[in-house]
Amino acid sequence: MTVKKILLCALAVAAVSVPANVSAQDATGDGSDPTAGEVAVRTSYTIDNCLQFAPAAAVLALDLTSVKSEYGLRHRMAMRAVSALLTAGVSKGLKSAVSERRPDGSDHRAFPSGHAAIAFMGAEMLWQEHRHASPWIWVGGYAAATATAVLRVHHKRHYVHDVIAGAAIGVGCTKLVYWLYPKVVRGARQAPGGATLTAVPFYDGHAAGCLAMLTF
């Protein structure tokens, strides 16, 4: 992988990474004007929210380059969408069922960490698609996912077991989809042609959104 491609990927990631909304009440605990310390906390949460999407954004950015992928575009987009939906469904279901209080006492949606689930889902997608192109691709993805998990614990949004569970969900759901899909869909590694509009939804138990890309 050339330096030019790495720079293109980094620019694309910066362009498509969008933070989830963080309200003033989430950051400060009430509707009052934030102090300097509260602003710092809000900034930290924003970093967490940005970083969780970095691996998934890198996955989409690499589609704009000639980096070798394991599957054809249509098939890998389908697997990503299913992985995202499965990861979101499992995470949301467990949050509602377990109802664990966060370390900072803000709510009862600590287990599992949706941020960690999303981050490790994207990291596993990088490994599945580009592990043969360069080890730095998936290593970078897992490093960003690990940093996301560490920050969530550091900021007292989750306990350690919350982020471990979230990581397991993200990786496990993605591995399951990538294992099952080629067994169900024939010719999954055949690259299709034409333009494709792809939307990958996400939900971390607190914020929802969609990553979209037009490829032609």
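Modeller: Gladly; let's start with helix α5 (residues 73-98) and helix α6 (residues 114-130), whose axes come within 10 Å and cross at roughly 155 degrees. Axes here are lines fitted to C-alpha atoms over the stretch in contact, with angles from 0 to 180 degrees between N-to-C directions. Keep in mind that this is a predicted model: local features need pLDDT of at least 70, side-chain atom pairs count only at pLDDT 80 or more, and totals for chains, interfaces and linings use all residues. Residues are numbered from 1 along each chain as its sequence is written, and side-chain values use heavy atoms, leaving out hydrogens and water.

Biologist: What makes α5 roughly antiparallel to α6?

Modeller: The crossing angle is roughly 155 degrees, and angles over 145 count as roughly antiparallel, so α5 is given that label relative to α6. The crossing is right-handed.

Biologist: Which residues of α5 and α6 make the contact?

Modeller: With contact meaning heavy atoms within 4.5 Å, α5 brings R76, M79, R80, S83, A84, T87, S91 and K95, while α6 brings G114, A117, M121, M125 and E129. They divide into five nonpolar, four polar and four charged.

Biologist: Why are α7 and α8 called antiparallel too?

Modeller: The axes of helix α7 (residues 135-154) and α8 cross at roughly 150 degrees, coming within 9 Å; that angle is over the cut-off, and therefore the two are roughly antiparallel. Here Y142, A149, R152 and V153 of α7 meet V160, V163 and V171 of α8, a contact with six nonpolar residues, no polar ones and one charged.

Biologist: What makes a nonpolar core?

Modeller: Buried Ala, Val, Leu, Ile, Met, Phe, Trp, Tyr and Cys residues joined through side-chain atoms within 4.5 Å. The largest one has 14 residues, and L62, M79, M125, L126, I137 and Y178 have the most contacts inside it. α4 (54-62), α5, α6 and α8 (160-184) each supply at least two of its residues.

Technical notes:
Helices (H or I, at least four residues) and strands (E, at least two) are DSSP runs, numbered from the N terminus. Angles under 35 degrees count as roughly parallel, over 145 as roughly antiparallel, 65 to 115 as roughly perpendicular and the rest as oblique. A crossing is left-handed if the near helix is turned anticlockwise from the far one by less than a right angle, and right-handed if clockwise. Ala, Val, Leu, Ile, Met, Phe, Trp, Tyr, Cys and Pro count as nonpolar, Asp, Glu, Lys and Arg as charged, and the others, Gly among them, as polar. Buried means under 20% relative accessible area, exposed over 50%, partly exposed in between (1.4 Å probe, protein chains only).
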